[in-house]
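Student: I have a few quick questions about this model. Can we go through some residues one at a time?

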Amino acid sequence: GIFNRSYYEEVLVVKVHPQFLAAERIPDAKVDKDFWKARYEDINNFEKHLSRNGTKVVKFFLNISKEEQRKRFLDRIDEPDKHWKISPSDIAERGHWDEYMDAFEECIDATSTDWAPWYVIPANHKWVSRALVAKILVETINSLGLKYPEVTADKLKAIEASKKQLEKEKE
């Protein structure tokens, strides 16, 4: 499965906009370094649980420059077919660029683990980022050692018997 942002929003958007925490009604929440440390710890524990149970977790941070983001936003605004890709809130969030960069850096540092690594991908050029992500995904999938199950001699005999039975049913 692919999760797009998912639970990481709780240590990114919420960190940049701490007023969102009030709406979560967390009992006795004291928002300090220990609060964020506990959230990172929960993420690491969850991803370790996934890993222990056979899920391969890889995470990508597609790192574009502020200037490249500006160009892409303008392109979306200038192209009517791309209007669905932009919202006024995107522009408002740009005003928090430095805060987001700090939040991403802290998050990646705290949650990149052996069992769930982060890959920071330079993404100003889409073809480069796509090639790097594809390479990492192929390597990850290959590392799983996936293969079709072997068919035993007994099963081959049973398959042949099934074939004969089905062929007898011809009308």
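Student: Is Ile-141 buried, partly exposed or exposed?

Tutor: Ile-141 is partly exposed, because its relative accessibility is 48%. Buried means under 20% relative accessible area, exposed over 50%, and partly exposed in between, with a 1.4 Å probe and protein chains only. This is a predicted model: local features need pLDDT of at least 70, side-chain atom pairs count only at pLDDT 80 or more, and totals for chains, interfaces and linings use all residues. Residues are numbered from 1 along each chain as its sequence is written, and side-chain values use heavy atoms, with hydrogens and water left out.

Student: Where does Ile-141 lie?

Tutor: In helix 7, residues 126-143. Helices (H or I, at least four residues) and strands (E, at least two) are DSSP runs, numbered from the N terminus.

Student: Switching to Lys-59. Buried or exposed?

Tutor: Lys-59 is buried, because its relative accessible area is 6%. Lys-59 lies in strand 1, residues 59-63.

Student: What does Lys-59 touch?

Tutor: Leaving out residues up to four places away in sequence, Lys-59 touches several residues, including Tyr-8, Glu-47 and Trp-118. Contact means heavy atoms within 4.5 Å.

Student: And which residues is His-17 in contact with?

Tutor: Glu-93, His-96 and Tyr-100, with neighbours within four places in sequence set aside. His-17 is in the loop between helix 1 (13-16) and helix 2 (19-24), and is buried at 8% relative accessible area.

Student: Last one: how is Phe-20 placed relative to Glu-47, what is the C-alpha separation?

Tutor: Their C-alpha atoms are separated by 24 Å, and the two residues are 27 apart along the chain. Phe-20 is in helix 2.
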